[in-house]
Amino acid sequence: MSKSKIIAGIAAVSIIFYATSVYWSVEPDNFSPTRVTEELTKNSAEIAVGSYTTATLIKSLLILNEKNGGYLSNSVLPPAIMMDNMPSWEYGLLEQSRDLMLVLRRDLSRSQTQSTENKDLQKAHGSLNVEHTRLFPTNANSEYKKTIAELQTYLDKLNDSQSKNAQFYARADNLAEWFKQVEKRLGSLSQRLSASVGQYRINTDLSGDLGAEQSTFTELGSNVKTPWLDIDNVFWEARGSSWALYHYLKAARIDFKGVLEKKNALASVDQIILELEASLQPVGSPMILNGAGFGIFANHSLVMANYLSRANAAVIDLRRLLEQG
């Protein structure tokens with residue numbers, strides 16, 4: 001085989017791999033929690049409380065496996081093994097889903113601390129917490145499919161008037177527990193996004209408590225900067241997390257409507273949803289830019305951090321409102 005044919009073959013394969021990776025990197029479209037819930041509950045005459053949140057969690061995990069290219073985080077074949085943007089997006093969605101799954105198992109499905117856990121949610125939670133890059137002995141995809149099946153069983157029981165083995169308690173304290181998880185996730189992401197340009201940060205770990213201690217000594221301040229090669233990964237992780245939370249909040253708005261109306265907090269939830277929706281605007285650049293804060297070029301991480309910080313501040317205010325009597 002001639003040298004020119006070998007070069008042409010390599011070029012053709014490279015073009016195919018590149019086009020495939022671009023196609024696989026397209027983010028999934030948004031969906032309607034209402035429509036999805038109607039489909040997954042088989043258009044029940046009366047949809048039970050908690051169904052919208054559960055059905056939306058199921059749908060997001062289905063999309064994780066069914067989107068362009070399928071689940072990529074544990075793939076060892078090209079071009080997936082050379083991709084990092086979409087696997088980071090998948091991880092962001094998974095982390096947000098795991099937070100909701102934890103609260104669903106620990107709080108939303110239990111009437112009090114002494115009540116027993118729902119067995120279906122217990123199994124679903126275990127499967128969802130499998131390492132996202134796992135391939136052997138069972139791959140992560142298979143485990144996440146088990147989570148979907150267990151959640152569907154729980155959803156079916158919620159909408160079975162004859163079954164008493166599944167409950168969802170739409171209370172203000174339960175919603176506040178979930179928001180505690182959300183604000184930590186958003187706070188961490190916004191800090192990591194802001195560190196794209198490098199910052200000197202004062203150590204505030206023990207602020208506000210004179211008697212507080214920590215295990216090891218830390219400096220009064222330190223320079224924090226996200227490594228250059230990780231900047232786009234953090235950005236896409238934040239996009240995946242925002243995408244998931246956007247849908248989960250839209251679903252929770254329906255399930256917790258009564259609670260939110262009594263707190264006059266529907267508008268607050270709507271504002272958080274708007275901030276998350278704004279963070280999901282299409283990226284017009286072929287690559288994630290890391291310009292200086294006030295430089296010539298854009299810094300997509302700082303823009304994303306702005307939306308998430310505003311959403312996080314609103315979540316904190318709303319959580320405090322829900323905790324008030």
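1. Ala, Val, Leu, Ile, Met, Phe, Trp, Tyr, Cys and Pro count as nonpolar. Asp, Glu, Lys and Arg count as charged, and the others, Gly among them, as polar. With that scheme, the lining of the largest pocket has 21 nonpolar, seven polar and five charged residues. Please keep in mind that this is a predicted model.

2. The pocket itself. The space in the largest pocket is about 950 Å³. The lining has 33 residues in total. Which of them lie nearest the centre of the pocket? They are Ser25, Asn85, Trp236, Pro286 and Met287.

3. Overall make-up. The protein chain has eleven helices and two strands. Read from the N terminus, the order of elements is α-α-α-α-α-α-α-β-β-α-α-α-α. The chain has 325 residues, and 46% of them count as buried. Among contacts with a separation of 6 or more, 75% join residues 24 or more positions apart.

4. The core. The largest nonpolar core has 74 residues. Leu104, Leu151, Trp178 and Phe179 have the most contacts inside it. Helix α8 gives the most to this core, with eleven residues. Phe179 in detail. Setting aside residues up to four places away in sequence, Phe179 touches Leu249, Val315, Leu318, Arg319 and Leu322.

5. Helix α2, buried side. This helix covers residues 33-40. Pro33, Val36, Thr37 and Leu40 are buried there. Why do they fall on the same side of α2? Because they cover an arc of only 100 degrees around the axis. What covers these buried residues includes α3 (51-66), α6 (140-158) and α8 (231-255).

6. Helix α2, the other face. Turned away from the buried side, this face carries the exposed residues Arg35 and Glu39. Just after α2 comes Lys42, with a positive phi of about 55 degrees.

7. Pro28. This residue is in the loop between α1 and α2. Is Pro28 buried or exposed? The cut-off for buried is under 20% relative accessible area. Pro28 has 16%, so Pro28 is buried. Leaving aside neighbours within four places in sequence, its contacts are Ile63, Lys67, Trp89 and Trp243. Take Ile63, which is 35 residues from Pro28 along the chain. The C-alpha atoms of the two are separated by 7.6 Å.

8. Ser301. Look for this residue in helix α11 (residues 300-323). Its relative accessibility is 1%, so Ser301 counts as buried. Which residues does Ser301 touch, not counting those up to four places away in sequence? They are Leu193, Ser196, Ile231 and Phe235.

Conventions:
Residues numbered from 1 in each chain as written. Predicted model: local features only at pLDDT ≥ 70, side-chain atom pairs only at ≥ 80, totals over all residues. Heavy atoms only, no water. Buried < 20%, exposed > 50% of the residue type's maximum accessible area, 1.4 Å probe, protein only. Helix = DSSP H or I, 4+ residues; strand = E, 2+ residues; numbered from the N terminus. Arc of directions from axis to C-beta. Contact = heavy atoms within 4.5 Å. Core = buried A, V, L, I, M, F, W, Y, C linked by side-chain atoms within 4.5 Å. 1 Å grid on protein atoms, 1.4 Å probe; cavity = no way out; pocket = protein on both sides within 12 Å on 5 of 7 lines; lining within 4 Å. Points joined across faces, edges and corners; volume = space filled by probe spheres on them.
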